[in-house]
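Please open the structure in your viewer and keep the selection panel handy. We will go from stop to stop, with a note on what to select at each.

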Amino acid sequence: MILRPSTLALLLISLLVTGFSLTAGFHAMGIHDRWDPASGSEEQLELERKTYLISTIMNYVFPLELLSLILLLYTADELHPLFTGAMCAAGTLAVNPYGYPALLVKIVTALLAGVWLIMNHLDSRAFDYPLIRTKYLFLTLMMPLLVVECVLLFSYFSGIKPDIITSCCGSLFSHDSPTLSGDLISLPPVIMQALFFSAMALALLSGILFYRTGRYGQLFSALAAVTFPVSIASIISFIGLYIYELPSHHCPFCLLQKEYHFIGYFLYVPLFIGAVSGISARVISPFSANPSLRRIVPDTRRYLTLVTIICYLLFTLIATVEMIISPLKL
Amino acid sequence: MIRTGERQRNILEFALSSLHRRRGRNLSLLAMYVLIIFVLASLLFFVSALKREAALVLHDAPDLIVQRMIAGRQELIPVEYGAEIASIRGVAEVRSRLWGYYFDSWNGANYTVIAHNSPTGTEGGAAIGSGVARSRKVKVGEMFPLRTPGTEPLLLEVKTIFPDSSDLRAADLIIISTADFSRLFNFPVGKVTDLAVTVTNVRELPTVAAKIASLHPDSRPILKSEIQRTYQSIFDWRGGMTLLILLSAVLSFIIFAWDRATGLSAEERKEIGILKSIGWETSDVLLLKFWEGCAISLPAFLLGVILAYGHVFFLSAPLFSQALKGWSILYPRFQLVPVVDISQLLVLFFLTVIPYTTATIIPSWRTATIDPDAAMRS
């Protein structure tokens, strides 16, 4: 177990998020089952009051989930000097089998949390809560994921043992201790470059087309969703190499270090926001069938598309500038 | 967009004026809030500044130290080990080190004695740290005795006193010549305390260490990185333990805040009732509560952090130093170098503001969903 302010903060946040989400989810199930806007009964009034509670809780808890994703990356990076051979967060997360699953589940919940917040915002703009059942069903489905995340995070941090000098057995070298590698499997750079730039170009083009004409919205969202994993694979495959100026260093985490001016945060944050907006634009499109949302949904979709275009452009710009100014040529 | 901004501004203004109306109550809450943030921030700043100092001190340590272990205890190492280690490929230099501790029964202090020929020049001379000079009340040019295992004490003349700025490393240090060192401790010939190994390529360190361990199974190679890690872990552990203890204080503060937020006065209930009856919606009241929370949390956070900064970096953290620094008769005096980064502030925010806000969510919702009719009648 590592007692560090940042790990304690992460565990505290995880407990808060899970505890509050479970409470909200519990109420959400009741609302999902018994919601009847036509009724004026005492029960319906009580349920309406509870929707305020759930919205308030989730509006508070889900941004925390997004912030704590950044803190998890930062903490994993900060802990690396404690382990033999760990050079960055990649090594720290590999210390025990819970590290990477915890990070992956956290990324997925953070993505879903973003989508949920956008849905909730949309719902609050209409006068008759048209999305109440949908968004509470979504919330209830997210519950197990949040619990899994909390358990993984606890298992990860409680299973961590730093390699330190102990007075009895001394050096680590008396027995062969395995060292941790900082590299991940990467795809060939040339193929990835072609794939990345074409995916990005298509996503941006379809985004602009949708923004201006209102057509090809579904295509845009699909492309935006695909571009997210492609971009992360590209960071591992070639963007990282240019930043590290090393043809052999494929690491998505060293970018977060001070030596590289924390450039990773400037790449990952826009990419993440872009992906959430792009995916949400697709998720909310069927809601325009609701009479009270008929005018709000298209506006929101256009707005989300604009956010994705700006964020993805920013990501591409930073990556391209790094590739151009880097002394490394592949 | 403009209308939303205006709504937010109006509600913020109302929140501020309502806080002002109950200023006695809110100031006491603010005071406790500031205190909690101050204590936690001081702890975080202090631990990270100590870790930084430790890292700086260890920066010049040798890459690898080789000790010899017998029956689980550290023993003196034969000089020949050094020659054999020097022949390992990749080793640049092996230095024999002679050092030890001297217990001064006169004042109960422990000195670190190192044998080195350069700063003292000749036999009979010594370079001493400012802590030693203070406790022994000696100046440059004066003599001072140290007891030896034999009958004759060793008389040393102070040649140099290290400046106060090097206190962290040198407060308890005495540097004497190799011959004086042997006499002082009756040190066996052909043995040294340990070996400092320098390696040409740092990446080969683990391999070199493994080779040394297999060459001499009774030896214990210790890497600089291991020492650094151990120090970091010790400070983390001390800081973490203190933080855990302090979290109970945070918890009591949360209970206090919860209690505050739940126990609405009749006057407040009436106020919310009136607001709702003149057309405020539940979401407006929630927004009001949100702005009230911000108006308390933000100043509390800033004030707490600023006070903690002064406490740690200008006053050297008198509240925590005893618990976290460790102790010694000749404790070095040092001023911590101010370092605060965003991550510390983020962690601090997570540990203080978030729990506070959490404690007030459900009470705020209860307040906001009060039935106006019932509230005004009460």
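Predicted model: local features only at pLDDT ≥ 70, side-chain atom pairs only at ≥ 80, totals over all residues.

**Stop 1: the domains of chain B.** Select residues 2-58 together with 230-377 in chain B, and you have domain 1. Now colour 64-223 of chain B separately; that stretch is domain 2. Taken over C-alpha atoms, the centres of domain 1 and domain 2 of chain B are 49 Å apart.

**Stop 2: where chain B touches chain A.** Show both chains. Chain A brings 30 residues to this contact, and chain B brings 38. On the chain B side, select α7 (205-215), β13 (219-223), α8 (224-262), α10 (282-314) and α12 (342-368), each of which supplies at least two residues. Which element gives the largest share of the chain B side? That is α8(B), with 14 residues. Coloured by residue class, the side of chain B that touches chain A shows 22 nonpolar, 12 polar and 4 charged residues.

**Stop 3: two helices in chain A.** The crossing of α8(A) past α9(A) is left-handed.

Now show side chains. Among the α8(A) residues that meet α9(A) are A:Phe266, A:Leu267 and A:Ile273; the α9(A) residues they face as a group include A:Leu304, A:Val307 and A:Phe315. This helix contact divides into 14 nonpolar, 6 polar and 1 charged residues.

Terms used
Residues numbered from 1 in each chain as written. Chains lettered and ligands numbered in written order. Domains from an automatic or database assignment. Contact = placed C-beta atoms within 7 Å. Helix = DSSP H or I, 4+ residues; strand = E, 2+ residues; numbered from the N terminus. Nonpolar A, V, L, I, M, F, W, Y, C, P; charged D, E, K, R; others polar. Left-handed = near helix turned anticlockwise from the far one by under 90°.
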